[in-house]
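Hi everyone, thanks for making time.

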Amino acid sequence: MATTRRARWTRALRTPVGLAASGFLAVVVLLVVLAPLVWGERAEVVDTGNLLQGSSAAHLFGTDSLGRDIGYRVLVATRLSVGMALLATVIGVGTGLLVGAAPVVLGRRTGRLVTGAVNVAVAFPALLLALFFATIFGVGARGAVLAVGLATAPSFARLTQTMVASVADRDFVSAARIAGVSRIRLLVRHVLPNIAEPLVVNATIGAGGALLAFSGLSFLGLGVQAPAYDWGRLLEEGLGRVYIHPEAAVAPAVALVVVGLAFNLVGETIAKGMSPRATVGRTAGAPHPPGPRTATGPRRLEPAGSTLLEVEDLHVAFPFAGGWATPVRGVSLAIRPGESVGMLGESGSGKSLTALAIARLLEAPASVRARRLTFQGTDLLTADPRTERELLGASFGMVFQDPMTSFNPTRPVGRQLAEVSQQHQGLTRGAAWARAVDRLREVRVPSAARRARQYPHEFSGGMLQRAMIGMGLMGAPALIVADEPTTALDTTVQREVLALLARIRAEEGLALLLISHDVTVVRDVCDRVLVMYAGRIVEELPTDRLGEARHPYTRALLDAVPDLETSRDRPLAVVPGRPVSPDALPAGCAFAARCPLATERCRTDDPVLADAGPGQRVACWQTGENLGLPAFPAATSRAATP
Amino acid sequence: MSELRFEGVSVTHGWGRRAVRAVESVDLVVPSGTVLGLVGESGSGKSTLARAAVGLLPLSAGRITLDGDPLVGRAGHASRRDLQMVFQDPYSSLDPRMTVGESVSEALRRGTVRGAQARRAEVARLLELVDLDPGRMDALPEELSGGQRQRVALARALAAQPRTVLADEITSALDVSVQARVLNLVRDLNRQLGLGMLFISHNLAVVRYVSDLVAVMYAGRIVEQGPAEQVFGFPRHPYTRTLLDAVPGRGELADAVPVVALSEPVDPHDPPTGCRFHPSCPVGPLLRPERTECLTRDPLEVVWQREHRAACHFSAPAVPASQEGLHR
């Protein structure tokens, strides 16, 4: 833990921002500590012979009205200027944090009162508050610090409140509360650490702001009073003769800018060091991701010609930490017109990426390569973007998992459907609208004409998913790709949507590629199943022969899902271990490490998809020999008596 | 012994005219050492009921007791710790800035384990109990998979030595192979530690696998409850039958579920009169106009004192589910 935390900080400090921040910070700290000691006296030396001089060898930035050296004065003023800014920030952030976090500790009713008070305070402009407090606390450095500090407090309180509220609703805070953790500890251990990152950034930005505010106050004569001086006073003194000797005003101005910048950079670095999600330095990757193999690609089962969609040796890669991660590696599939194909796999198996790659929805930095990718006879790999868009727009429908995020919430549902036809079939607005209503009726949305004018939030989830399918039907689609179309829906609604897909497929002669993690869903709807693991199709078989699955992974998937007939007295079968990560693929079979049948060959040679019976293909070395064995021993019970 | 009992529990969101009764007059008992499965669709009030039990939401009526001691209200932390909850999303239920060990250790009861060494040993024992390598104690949640996180969340719940655990959709965010592991664990904890559980899920097959008793919730109410094999084998409420018929892999898909399909979910601001299920009911007034009783009279007013209860005026006699289709 300590090492990872240290590593994170080291990494944060090694970035250009981190390096610059530590450099600036060192200079500012040195000046704050040493400048008054070293140059303090020289900055006070009055030289009546050299009043209001410009830059010279003796005085680099000239002299002021008493002949004092402006360069030294700027350096010495660092302590007061930075000190006041930091002090005011501490006051502002401290007060803001206390008030903003109070509702967590105080409980519902009192908390609401505090929130209300903060909301009222935020309504006053900070400048007005600063002037108000400056008048109350009196002119001078002390008054200015209190004024600026308190004036920034309400906005910090508001910020803290908003962030606290967003964290306090998370489950881990609820869990801690249920576990009996006290409110104070809840705040200190769970809430504050999780909002610290943006708070620190805002506090340092606030410090920069305070620096400017003091300069402004001193400039107006409300801040630091003579004989004390800060950058604001120096700026004011120099500004009068900016046309004769600009260097007198430039010196404090540069100091202000540099320190303000330093504050922000330091904030950025601290935030980076505190974040547990360490950013991986994305170095320039290897020039080319692994692509299709030319020599020994998997053989296709179906002859070309009668196919609607043909994919051969599809690879999808993303740049990752100096190399490429390939979540999809060599997928080949063919879909005939009117056919219903299921793609089964767990999260991370590459099934959704395969669908997105087929729909040409993946953009840089993703790299999509294939030996062949044709849809209705058109080669999508070489087609120009216009042809591709027209073809996919008209004959290809895509249904996503979450219908709520797939629609634009600010436009009526019917309008969004109509847009498809206006874009792709060149229909007029009116004709497109009529078709939208007709399609909504087709997917059994009740009172479609009225519903078309409603917004997505007025639809239930199931109804919206129907509308999404309706959108896929706006053209004359030949293929609908549905990516987990029912996962976000209730069981009753799920059944309706699946039934709808099945009916539409039958009536309109569509082909369907249904992607799901749920065997039972695929079994209900599809003729043929493709099982994916670690970016590969490991088994392909007709749905009615799922019971004769040969790949150990397919069998494990089937055994792991309880249904209404599963014995309640036996533990469910489990797959030991974790899926491989697409950036660290083993040499042999990707499933070998988790497979009870794995041999030495499996760990060195990657099996290819080979014929294994009528309509069945398997990528496994062990299928033939061990078909009769139970694939996975049921997990032994681990729980012990306390 | 630990009996979790809900008596006439109602939970209301909001005030005045905009108030929504998310849970209404729920009577439910989770007997000691048993798993009660609570099923229903999203928005039916399952999670609200669980959150109210652990004190995250205030009750507007009724009371929740554990072995006769009221849980919510004046009772302090001590008794509230006897009831722990595991949440649905393993990615938000662990503090991303605390190690696995810190998260679990925090939930240990004060005074039971003294000293850093003993605490680590206890945390290791708990991780072992949920089938996790104690060597991962110093890992951050981001280094764990969803299934491992969910097991850490279970270990944290067990750390408080609860008498009953509420599990709110704990497997629905997991992959199927990982789900099997968590379900096996739930079974083991129940059978070997005698841990009582309220197991909430929308997945009927999962609920059937782990539960001894089952309650079905619809629009904030319990519409049917009874022993698992009874409710799944001989469902009495038409809503339960609808749910069972909707389980994937049960018979032909027909796009002709006429009533239920086209009806909207219940608007919680304006619940239907009488039986709340009547606008969707396949045996109700929509298809059988003579059954006006459903429009006016709340079946919950009629209380059964049977083991297997269903809140329906026309609850079916005991006929196996397979013979009892939706369209009678």
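Let me start with a term: buried means under 20% relative accessible area, exposed means over 50%, and partly exposed is in between, using a 1.4 Å probe and the protein chains only. Now the housekeeping: this is a predicted model, so local features need pLDDT of at least 70 and side-chain atom pairs count only at pLDDT 80 or more, while totals for chains, interfaces and linings use all residues. Residues are numbered from 1 along each chain as its sequence is written, chains are lettered from A and ligands numbered from 1 in the order in which they are written, and side-chain values use heavy atoms, with hydrogens and water left out.

Okay, chain B. There are 11 helices and 11 strands in chain B; helices here are DSSP runs of H or I with at least four residues, strands are E runs of at least two, and both are numbered from the N terminus. Chain B has 328 residues, and 59% of them count as buried. Contact means heavy atoms within 4.5 Å, and of the contacts in chain B with a separation of 6 or more, 66% are between residues 24 or more positions apart.

On to the interface. On the chain A side 78 residues are in contact with chain B, and on the chain B side the number is 83. How much area is buried between chain A and chain B? About 6,900 Å², with carbon and sulfur atoms giving 51%. That's the accessible area, with a 1.4 Å probe, that the two parts lose on being put together, summed over both. Of what chain A buries against chain B, 13% comes from A:Ile178, A:Leu564 and A:Arg568, more than from any other three residues.

For polar contacts, I'm counting N or O atoms within 3.5 Å, where within protein one must be able to donate a hydrogen and the other to accept it, and sequence neighbours count only if both atoms are side-chain atoms. Between chain A and chain B, 23 residue pairs are in polar contact, both at pLDDT 80 or more. Several helices of chain A each supply at least two residues to that side, among them H4 (108-123) and H8 (183-219). The largest share, 10 residues, comes from H18(A).

Now salt bridges, meaning a side-chain nitrogen of Lys or Arg within 4 Å of a carboxyl oxygen of Asp or Glu. Over all chains there are 40, and between chain A and chain B the count is 5. One of these pairs is B:Glu102 with A:Arg189, closest N and O atoms 3.7 Å apart. Another is A:Glu197 with B:Arg97, at 3.0 Å. That pair runs from helix H8 of chain A to the loop between strand S6 (83-86) and helix H3 (100-106) of chain B. A:Glu197 is partly exposed at 23%, whereas B:Arg97 is buried at 16%.

Within chain A, A:Glu388 pairs with A:Arg360 at 3.6 Å. A:Glu388 sits in helix H12 (residues 385-395) and A:Arg360 in the loop between helix H11 (351-358) and strand S4 (367-369), so the pair ties together parts 28 residues apart in sequence. Buried or partly exposed? A:Glu388 is buried, at 16%, while A:Arg360 is partly exposed, at 25%.

Last one: A:Arg495 and A:Asp524, 3.1 Å between the closest N and O atoms. A:Arg495 is in helix H18 and A:Asp524 in helix H19, so parts 29 residues apart in sequence are tied together. Both A:Arg495 and A:Asp524 are buried.
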